[in-house]
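Hello,

Here is the structure I promised to pass on. Please have a look at it before reading my notes.

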Amino acid sequence: MTNDWTNSTSMWASGSTTNSNLTNSTSQCSPKLQGQTGIWYGGETCLLLALLIPQTLRFHPQIFKTSLGAGFVLLAVWGAVNRCAMDVLVWHTTIAFVCLIQIAFFVYEQTLQIFRVPAVLRPIYKTHFAPLGFTPRMFRRLVGGPSRLRNLAQNQPYAIEEITPAGTSLSLLVCGRLRVSHKGEVLHTIWPGEFVDSPEFRATRIHPRQPFQVMGFEVDTINSVQFSNHTGNCRAVLGSARRVPDSTIAANTRAKGATEPCYKHWRGHVLKSDELCELYEGLRLNGITDYDYVLTGYTADRSFLERLVGIIKDLKQGNPQMVYVCDPVLGDTWDGKGSMYVPEDLLPVYRDLVLPMADVITPNQFEAELLTGRTFSTQSEAIEVMECLHARGPHTVLITSADVDGARKNDRLVVFGSRNQPGRRRERIRMEMPRISAVFVGTGDLFAAMLLAWLHRHPHDFKLACEKAVSAIQHVLHRTFHCARELAGHEKPNSAELELRMIQSKKDIEDPQVTLHASSL
Ligand SMILES: Nc1ncnc2c1ncn2[C@@H]1O[C@H](COP(=O)(O)OP(=O)(O)OP(=O)(O)O)[C@@H](O)[C@H]1O
Ligand SMILES: Cc1ncc(CO)c(CO)c1O
């Protein structure tokens, strides 16, 4: 044993000393010091252990570094007690020091970093992520970045079949429990630490351009007009400018002193009432007319509107639960003066035939006044007008933009809502917001679409549905305005620059942060 030791000592020394030194130093080593073989073997064993521990072991990196460090410490100690090997002492002390730093870093990562992970997420980290080799720092980056913590109130749904788009996210239940049910029947429970997905959902076609489809509705669209672009506010200035797709319109508009920009040209077609009937016939023949909602907007032709009323009647007969949401597009107020931008003979059709069929309507102030024959400039008058509209049929009325009590002068815009549904308490709300100094197009359409979607999601919370609908629109408009200004530089943004940023606002449409609150009246 002692002989072996002497041999191996010479081997260590041979790298750094000459043969004569070697002989010299070996001869100087006292037998007592040579007896420190235990330390040397201990050190070597630790190094061997570091190499041998399987990488699949849970704490492999820690054990590896610790036994490496311990091995080098022992070898350094051995170097210290053995005067013949100062170089061994220095070399191993350095390596041991490096190991020590690494171990300290590990300890810091594993113990201190974990405290920077939100307490509620620590169990998930320990059970799901630590075993995969995620450090707390990586986990923090994950939960702080692409994923987010969502709190659900008691009985608040996580996802609803047919509404929540399938396959857009994967979640892990952190605490509490979720019941999975289908048609009221409980299928199973999801417990903390289990993944939550919507695999049971039938895949819904999602086209991000369509706010409805983003919200999980499947939509069959019939274009009452097929235009190249939005005709915008030219209509409001020109009065009944329908079916005059002519560049002279824009020239005229500017000549009349319009302060806001609009597209100079537009081209396209208006769908004829016969064509509408043909399309409906196709749906009917295939038996695919079981709609939950129908939403109508811009219509430029009296006979088209009359046929539409017939179709709504037919659909309601087939499905008495079907909800008809109508945006009675008639005109708007421009520079304090209201004017119609559809033929005047549409007004009696809307008033006498459409309103009695409609469940929800979204007129602007001018349209509400036309439909009731009453103007309003105060809140109490607005309430009276909404009552008149209820009396004509719709249980839910939203006045999308109004100028009451001098709001316009202060660059503000008011939205009124009223719900008067049998079996429910009557509700009225008011929302007020700053008017953005730009003229957007398509906001009325977006309003009706958002209202339908959020009323569907929150059937028992009218106020919240209105808040979400209007907040979503405001997010879209603020983003649009901001982008348009950047594009326009020092100029005033034009119509093309002010096209609504729908795609960029997908998240705000799906889950709008409520930034505008409604007051109950
Ligand atoms: N300049 C603006 N500043 C702030 N919000 C606006 C502005 N223009 C429109 N909105 C938002 O859009 C919503 C719809 O308003 P808008 O007046 O365009 O509807 P509308 O006149 O009913 O549309 P339609 O042309 O379909 O009749 C408003 O409730 C408001 O939230
Ligand atoms: C052509 C046309 N004219 C007017 C309106 C009402 O904003 C719409 C709906 O946005 C439309 O499409």
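This is a predicted model: local features need pLDDT of at least 70, side-chain atom pairs count only at pLDDT 80 or more; totals for chains, interfaces and linings use all residues.

Ligand site

There are 22 residues around ligand 1. N364, T400, S401, I436 and T443 come nearest. An N or O atom in the S401 side chain sits 2.8 Å from an oxygen atom of ligand 1. Y341 places a polar side-chain atom 3.0 Å from a ligand 1 oxygen. A438 uses its backbone instead: an N or O atom there is 3.4 Å from a nitrogen atom of ligand 1. On its own, ligand 1 exposes 620 Å², and the protein buries 90% of that. Several elements give two or more residues to the shell around ligand 1: β12 (396-402), β13 (412-419), β14 (427-434), α17 (443-457) and α18 (462-488).

Y280

Y280 belongs to helix α12, residues 273-285. Is Y280 buried or exposed? Its relative accessible area is 10%, under the 20% cut-off, so Y280 counts as buried. Beyond its neighbours within four places in sequence, Y280 contacts T289, I311, D314 and L315. I311 is 31 residues away along the chain, yet the two C-alpha atoms are 7.7 Å apart.

Surface patch

F105, Y108, L112 and F115 make up a nonpolar patch on the surface. Together they have about 430 Å² of accessible area. F115 sits in the loop between α6 (86-112) and α7 (122-129). F115 is exposed, at 56% relative accessible area.

Best wishes

Conventions
Residues are numbered from 1 along each chain as its sequence is written. Chains are lettered from A and ligands numbered from 1 in the order in which they are written. Side-chain values use heavy atoms; hydrogens and water are left out. Patches are made of residues with over 30% relative accessible area and no salt bridge: like charges are joined within 9 Å, nonpolar side chains (Val, Leu, Ile, Met, Phe, Trp, Tyr) within 5 Å. Accessible areas come from the Shrake-Rupley method with a 1.4 Å probe; for residues, only the protein chains shown count as cover. A salt bridge is a side-chain nitrogen of Lys or Arg within 4 Å of a carboxyl oxygen of Asp or Glu. Helices (H or I, at least four residues) and strands (E, at least two) are DSSP runs, numbered from the N terminus. Buried means under 20% relative accessible area, exposed over 50%, partly exposed in between (1.4 Å probe, protein chains only). Contact means heavy atoms within 4.5 Å. A residue is near a molecule or strand if one of its heavy atoms lies within 4 Å of it. A polar contact is a pair of N or O atoms within 3.5 Å; within protein, one must be able to donate a hydrogen and the other to accept it, and residues adjacent in sequence count only if both atoms are side-chain atoms.
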